[in-house]
Every structure is written in structure tokens, then in C-alpha cells.
Amino acid sequence: MLRIKHKSSGFTLIELIVVISVAAVISVIGIAAFVSYNQTQSLNTTAADIANMFSVAKSRAASGVKPTTGPCFTRTLDGYRISITIPRTYKLDAVCPSGISNILTSILPSTISFSTDATFFFAVLTGGFTQTGSSSPPPWPIYLTGFGKSKTIWVDSLGNVK
């Protein structure tokens with residue numbers, strides 16, 4: 001009697017299950033890391049947008065440039081004001097004795113919010129900088145929260161953001 005041996009080439013079911021399980025675990029870890037990174041980047045981008053608004057206000061006040069519309073267009077310009085309002089609004093306004101001209105109003109993404117209200121003012125002629133809404137000395141914090149994370153932006157006595 002002649003016996004024929006069949007050579008089997010391939011993977012067993014257990015080997016395939018182990019490989020697929022390892023790949024699934026690695027994928028879940030990668031997705032979780034990406035989501036966390038994306039959330040951190042969203043907070044950092046928001047902080048950079050706010051810092052940019054401070055830079056715009058400071059440079060406009062230093063140059064004395066007036067808005068092209070609104071009550072401050074034809075009047076004396078006192079300065080530029082940044083207002084932060086809970087939960088998600090921040091805006092840049094030109095301030096003059098006869099009123100306020102809105103330059104830019106921004107709203108944070110729905111998943112990010114401010115923890116406190118604050119107002120910052122850059123004077124045109126004196127070049128001064130003031131903050132209202134906090135009795136503490138500078139630097140003043142602006143707290144952003146979202147995704148279970150928080151980010152603090154610090155504003156120094158000259159209106160610089162760190």
C-alpha cells in the first residue's frame with residue numbers, strides 16, 4: 001500500500017486570529033493617539049488665533065490706524081479692545097469717544113470654551129495697555145478648556161502673549 005503524504009502550506013486558524021488581534025490592538029492604539037493629537041492641535045490652534053488677535057490689536061494701536069467703517073472712521077481713535085466672553089466669543093473692536101467699531105468677532109469651536117471673561121485695551125496715543133476683569137497683577141491668564149484638556153495663555157503687562 002502506497003501512502004501519499006500531503007504537504008500542507010498555509011496558516012492555521014489560530015495563527016490568523018492572533019495576527020488579526022495584534023493588528024486590531026495596534027490600530028486602536030494608533031487611532032487613540034491620533035484623536036488625542038488632533039484635540040491638542042485644536043487647542044493650540046485656538047490659542048494661536050487669540051495670540052494673533054493680540055498682535056493685530058497691538059500693531060494697530062501702535063500705528064494709530066483707524067477702521068475704514070463705523071463711528072471710529074471719522075473720529076479720534078482711543079484704542080483697540082479685545083473682549084473675551086464666556087463661553088466662546090472673543091472680539092476685536094476699535095474704540096473712540098463716539099462709539100465702537102467691530103473689527104473682528106470670532107467664536108471658538110463648540111468643543112472649546114473660555115473659563116473667564118476679560119477685556120484688554122491697547123491705547124493709541126500713549127501706547128499703554130490695560131486689562132479689566134482680574135484683580136491679580138500681570139501676567140494675566142486666559143484659560144481655554146476642551147476635550148478634557150486645558151490650555152493657558154498668558155498676557156504680560158505690555159500685551160504680549162506667551
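Modeller: Let me begin with a definition: a residue is buried under 20% relative accessible area, exposed over 50% and partly exposed in between, with a 1.4 Å probe and protein chains only. This is a predicted model, in which local features need pLDDT of at least 70 and side-chain atom pairs count only at pLDDT 80 or more, while totals for chains, interfaces and linings use all residues. Residues are numbered from 1 along each chain as its sequence is written, and side-chain values use heavy atoms, with hydrogens and water left out.

Colleague: Why does cysteine 96 count as buried?

Modeller: Cysteine 96 has a relative accessibility of 5%, and the limit for buried is under 20%, so cysteine 96 is buried. Cysteine 72 is buried as well, because its relative accessible area is 0%.

Colleague: What makes cysteine 72 and cysteine 96 a disulfide?

Modeller: The term requires a pair of cysteine sulfur atoms within 2.5 Å, and the S to S value for cysteine 72 and cysteine 96 is 2.5 Å. The pair links distant parts of the chain, 24 residues apart, with cysteine 72 in the loop between helix H1 (13–63) and strand S1 (79–85) and cysteine 96 in strand S2 (residues 89–96). Helices (H or I, at least four residues) and strands (E, at least two) are DSSP runs, numbered from the N terminus. A search of the whole structure finds one disulfide.

Colleague: Why is the disulfide of cysteine 72 and cysteine 96 called left-handed?

Modeller: It is called left-handed because the torsion about the S-S bond is about -95°.

Colleague: How do you know that strand S7 and S8 pair?

Modeller: Two strands pair if DSSP finds at least two bridges between them, and strand S7 (residues 140–146) and S8 have seven bridges, in the antiparallel sense. One of the residues involved is tryptophan 140, whose bridge partner in S8 is valine 155.

Colleague: What makes strand S4 and strand S8 edge strands?

Modeller: The open sheet has three strands in the order S4-S7-S8, with antiparallel pairing, and strand S4 (112–114) and strand S8 (149–155) each pair on one side only.
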